[in-house]
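This report describes one protein chain for a reader who is new to structural analysis. Please keep the sequence and the structure in view while reading.

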Amino acid sequence: MRIVIKIGSNVITRDNGRLDITRISALTDQVACLRDNGHEVILVSSGAVACGRSELKVSHKLDSVEQRQLFSALGQAKLINLYYDLFREYNIHVGQVLTMKESFATRREYLNQRACMTVMLDNGVIPVVNENDTVSVTELMFTDNDELSGLIASMMDADILIILSNIDGIYDGSPSDPDAHIIRTVSPGRDLSEYIRQEKSGFGRGGMTTKCSVARKVADEGIKVIIANGRRDNILVDLATAPETTPHTEFVPNTGAVSNVKKWIAHSASFAKGAVKVNDKAAEALRGNRAVSLLMVGVTAVEGEFEEGDIISVADSQGRNIAVGRSTYSSAEAATLVGAHDVKPIIHYDYLYIE
């Protein structure tokens, strides 16, 4: 079984902002146990900035971008060395994978990263993945490592994605309310909007809204997703051996098969180079239960500049994004074919993901 484990900043960072080495050591022990039981593990680990902040005292004021770049550059080296030393006690090798959002924008780069992590797993190496904050442009960064972990789980055909935070799961009320209960399972299509708070959490960039959005998308691709509390002792082993008594929220995976290309496209909305608007009839067809391609006859407008093969978004007549896909036309060609019959689809079903 292949498991992607996302370790959030709030799990391995103390209240004073410094790294909680004791917690990281405990999680390492548990990952080693999972490996002993035959599981492949990929770690998506935050904590680089916290590592760097504890290493260096800066005498002058830095803006937020400068702090992120400086502390992550220092911290990445310290963090991977920490994982190296901890896993070496179990004779387990680890390798660092630093990536950026734009590295997933093209199919070629996507497959290159997939090949890199595949050869690591094939040779018993645990990939430790993090965003390369030192050079990532703020506007093109992942929301946080929840988004990155979902993309990695999808790309690597994982069986399970475990998102570890500082909360036991999704509650049907405020977690501080003693009458609130954990929602143990989330079935496909269940609306959780009334339960999700918008606040960000502690040292992380994202919150429960991001976690639920990522979890739902990944579960729709056939991967089980678990949100659990990484500060609970032995949480990973307990989830593996006694899930019925371990607090967590599980997103039930969709049973339908999803192609690898569609998995890539499902996470590519933020890479869209342009967009097309469609009429109500086309929007209804896309949202229906039948497998359909997007035909030019249903397109009412072409926005932005894109080339054949680029990712584009699809919006309905009210401007709401309803799909994303790979265009078979350039924007210039598509503009001349708006509303046309009997021409090839602008997005074939095999390269179309309905949001």
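## The open sheet

Eight strands form an open sheet with mixed pairing, in the order S3-S4-S2-S1-S5-S7-S8-S6. Strand S3 (93-99) and strand S6 (185-186) stand at its edges with a single partner strand each, so one side of each has no neighbour in the sheet. Strands are DSSP runs of E with at least two residues, helices are runs of H or I with at least four residues, and both are numbered from the N terminus. Two strands count as paired if DSSP finds at least two bridges between them.

## Basis of the description

The model is predicted: local features need pLDDT of at least 70 and side-chain atom pairs count only at pLDDT 80 or more, while totals for chains, interfaces and linings use all residues. Residues are numbered from 1 along each chain as its sequence is written, and side-chain values use heavy atoms, leaving out hydrogens and water.

## Pairing within the sheet

Strands of a sheet pair through backbone hydrogen bonds, either parallel or antiparallel. Strand S1 (residues 2-7) runs parallel to strand S2 (residues 40-45), with six bridges between them. In this pair, Ile-3 stands opposite Val-41 of S2.

Strand S7 (residues 224-229) has five of its six residues buried; buried means under 20% relative accessible area, exposed over 50%, and partly exposed in between (1.4 Å probe, protein chains only). S7 pairs with strand S5 (residues 160-165) in the parallel sense over six bridges, and with strand S8 (residues 249-251) in the antiparallel sense over three bridges. Val-225 illustrates both pairings: Leu-161 stands opposite Val-225 in S7, and the bridge partner of Val-225 in S8 is Phe-251.

## Helices H3 and H4

Helix H3 (residues 48-55) has the buried residues Ala-48, Ala-50, Cys-51, Gly-52 and Ser-54. The cover over these residues includes H4 and strand S4 (125-131).

Ser-72 belongs to helix H4 (residues 64-88). Its relative accessible area is 0%, so Ser-72 is buried. Apart from neighbours within four places in sequence, Ser-72 is in contact (heavy atoms within 4.5 Å) with Ala-48, Val-49, Gln-67, Asp-133 and Thr-134.

## A loop residue

His-348 lies in the loop between helix H11 (331-336) and strand S13 (352-354). Because its relative accessible area is 36%, His-348 is partly exposed. His-348 and Leu-295 are 53 residues apart in sequence, and their C-alpha atoms are 8.4 Å apart in space.

## The chain as a whole

The protein chain contains 11 helices and 13 strands. Its C-alpha trace spans about 65 × 45 × 40 Å along the principal axes. For 355 residues, a compact globule would have a radius of gyration near 20 Å, and the 21 Å of the protein chain agrees with this. The radius is taken over C-alpha atoms, and the globule rule is 2.2 Å times the number of residues to the power 0.38.

Of the 355 residues, 49% are buried. Among contacts with a separation of 6 or more, 73% join residues 24 or more positions apart. The chain exposes about 16700 Å², of which carbon and sulfur atoms supply 48%; accessible areas come from the Shrake-Rupley method with a 1.4 Å probe, and for residues only the protein chains shown count as cover.
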